[in-house]
There are 2 protein chains.
Amino acid sequence: MPPLLKKKKKKKKRKRQRKEMRSGDIQVLDGGNASRLLHSVDAFVFDCDGVIWKGNELIDGVSDTLHLLRSQGKKLVFVTNNSTKSRTQYASKFLSLGISVSQDEIFSSSFAAAMYLKSVQYPPDKKVYVVGGEGILEELHLAGFTAFGGPEDAHKTIQLKENPFFHHDNDVGAVVVGLDPYINFYKLQYATLCIRENPGCLFVATNRDAVGHMTNLQEWPGAGCMVAAVCGSTQKEPIVVGKPSTFMMDFLLKKFRIDTSRMCMVGDRLDTDILFGQSAGCKTLLVLSGVTTLSILQDSANNILPDYYTDKVSDLLQLLGP
Amino acid sequence: MPPLLKKKKKKKKRKRQRKEMRSGDIQVLDGGNASRLLHSVDAFVFDCDGVIWKGNELIDGVSDTLHLLRSQGKKLVFVTNNSTKSRTQYASKFLSLGISVSQDEIFSSSFAAAMYLKSVQYPPDKKVYVVGGEGILEELHLAGFTAFGGPEDAHKTIQLKENPFFHHDNDVGAVVVGLDPYINFYKLQYATLCIRENPGCLFVATNRDAVGHMTNLQEWPGAGCMVAAVCGSTQKEPIVVGKPSTFMMDFLLKKFRIDTSRMCMVGDRLDTDILFGQSAGCKTLLVLSGVTTLSILQDSANNILPDYYTDKVSDLLQLLGP
């Protein structure tokens, strides 16, 4: 065989081997491994958008699946990077979709931001400026902090008169940035001045998702957009408390005392949910009901491989049900 | 001598040598080197904000200095990363401050964006969406392109009703992002959808300055803030046409046919002006009348060293004048 042809054949073989190895790493969920998965874990940690619901619609079969898992004695936890709502508001959303979930089972990135400030013993006499939704303010207030900004600054504008001076509060010691559909220059300027001019001011991001599910028809800019804007003007990197940062998982661990190897993270995003689960040492299940398609999962550019994948959460019900 | 002490002494010597080398690299402008600089160049390229003016105030002695340089036969060029104005608007600003400058001597990043699209033969039947000021729209229109967005979208809001759908124009083939004091979610969403959903859509940034001089009292978020926001939601990097990208310098070279080694870049920012001049092979003069202080220049963390530095442009007048 001529050397060039030999080389090509060898290359083809290596490519095939790699492909086999890749598909060997990821298992499509079936009756056998679903049952093994169920018995190997004590808790299921669910992402919400794209897993439980899309926009304001519940994904088919979710309610019965959660019921089955609860009946098997599994602990359920709902983790969401969406910071616009507080845990109370999330519990109401679950209820409006016909699912009863207690506030203690919900971990939103708005709550995570408040818990992060608690964890670093942020002084209660200092204030927090918020670029984001009502949910962040509510969680910060519940945790005992003085927070302002957010929705109340939605319609504020800057004054571009002769030599403008913008006043900001020197007592702000932390800025929390999350998804903000009412982002404006006033808020960006306020956050920028606090971070640049108040000594030691913390810059906390609820999460950095590039896009989010405000609708199930399109992808809209996510918190990653607002967080990047503040990075751009301050030249600083934030402390991220939402997925894929493990801050929330460490918090969950302390609260529920379940070893992460006995947890299964269920999500629709490779770079947040699956990475989050893997970083924490959980088993991981990707559902294709959200942003990730089978071709994205199998693309050679993707290096984040879940343990299992399936179309939607309710496949568990079909595979495990009577 | 014990080995540790010897090592420490050696380290101290190396540190001293590095310090000497550093201060040897940068020369404070004096009568001798100012005269040599003048004779070694045919053109002076000036940054505007922090060099010619601060906010709406001319910096002392600028007018007479420019007059002196012109009388010596030097070509003058004014390059600004501020994209909110067009060249015509800049010429008016110069005039309002008592300086006569022709439109041909002005290179704003708004003009650079239009010239970039010309240089890549952007099809005139395609549209351009603008996140930024009137200056960008005006330059794009003057170059024959159909552009929209900018100020006309300043007060638009998104509709967060049940399952919202946001319409965008599929004929947009380029998004230009610059400083936008009226940034909002509508504009970020429009830009994001064009870049993510219109095949091959270009993402052009006028510049990425973190902060800008909207006032001489404070630093306000610059174009880098808006550009980063769009990077955050699209996960794409822009083509930058303003400083320190050399696109404008390449354009200047073609226009004036002056070798860059015979040009002197005069600016107040290390990471845009001085880097821009150095990348293009120009001589560089840092003035301390803008954002850079002597301590920033001499900080060991700074690696961008101009050939010369001085307090302000008019020092040239004092050192070279009769």
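Student: What should I know before I start?

Tutor: This is a predicted model, in which local features need pLDDT of at least 70 and side-chain atom pairs count only at pLDDT 80 or more, while totals for chains, interfaces and linings use all residues. Residues are numbered from 1 along each chain as its sequence is written, chains are lettered from A and ligands numbered from 1 in the order in which they are written, and side-chain values use heavy atoms, with hydrogens and water left out.

Student: How many salt bridges are there over all chains?

Tutor: The search of the whole structure finds 24 of them, where a salt bridge is a side-chain nitrogen of Lys or Arg within 4 Å of a carboxyl oxygen of Asp or Glu.

Student: Which residue pairs with Lys243(A) at 2.7 Å, N to O?

Tutor: That is Asp273(A), whose side chain meets Lys243(A) in a salt bridge. Asp273(A) sits in helix α10 (residues 270-280) of chain A, and Lys243(A) lies in the loop between β13 (239-240) and α9 (247-256) of chain A, so the pair links parts of the chain that are 30 residues apart; helices (H or I, at least four residues) and strands (E, at least two) are DSSP runs, numbered from the N terminus. Asp47(A) joins Lys243(A) and Asp273(A) in a network of salt bridges.

Student: Are Asp273(A) and Lys243(A) buried or exposed?

Tutor: Both Asp273(A) and Lys243(A) are buried, where buried means under 20% relative accessible area, exposed over 50%, and partly exposed in between (1.4 Å probe, protein chains only).

Student: Changing topic, how many salt bridges are counted between chain B and chain A?

Tutor: The count there is 2. Arg196(A) forms a salt bridge with Glu219(B), with the closest N and O atoms 2.7 Å apart, and this pair runs from helix α7 (residues 185-197) of chain A to the loop between β11 (211-212) and β12 (220-221) of chain B. Arg196(B) forms a salt bridge with Glu219(A), and there the closest N and O atoms are 2.6 Å apart.

Student: Why does Arg196(A) count as partly exposed?

Tutor: Arg196(A) counts as partly exposed because its relative accessibility is 35%, and Glu219(B) is also partly exposed, with a relative accessible area of 25%.

Student: How much area is buried between chain B and chain A?

Tutor: It is about 3600 Å², of which carbon and sulfur atoms give 63%; buried area is the accessible area (1.4 Å probe) that two parts lose on being put together, summed over both. In chain B, Phe185(B), Gln218(B) and Trp220(B) lose the most area to chain A, together 18% of what that side buries. The contact, meaning heavy atoms within 4.5 Å, takes 39 residues from chain B and 39 residues from chain A.

Student: And what about domains, how is chain A divided?

Tutor: Chain A has domain 1 (27-81 + 244-320) and domain 2 (110-240), with bounds that come from an automatic or database domain assignment. The C-alpha centres of domain 1 of chain A and domain 2 of chain A lie 29 Å apart, and these two domains bury about 1200 Å² between them, 58% of it on carbon and sulfur atoms. Asn81(A), Phe247(A) and Arg269(A) supply 42% of the area that domain 1 of chain A buries against domain 2 of chain A, more than any other three residues.
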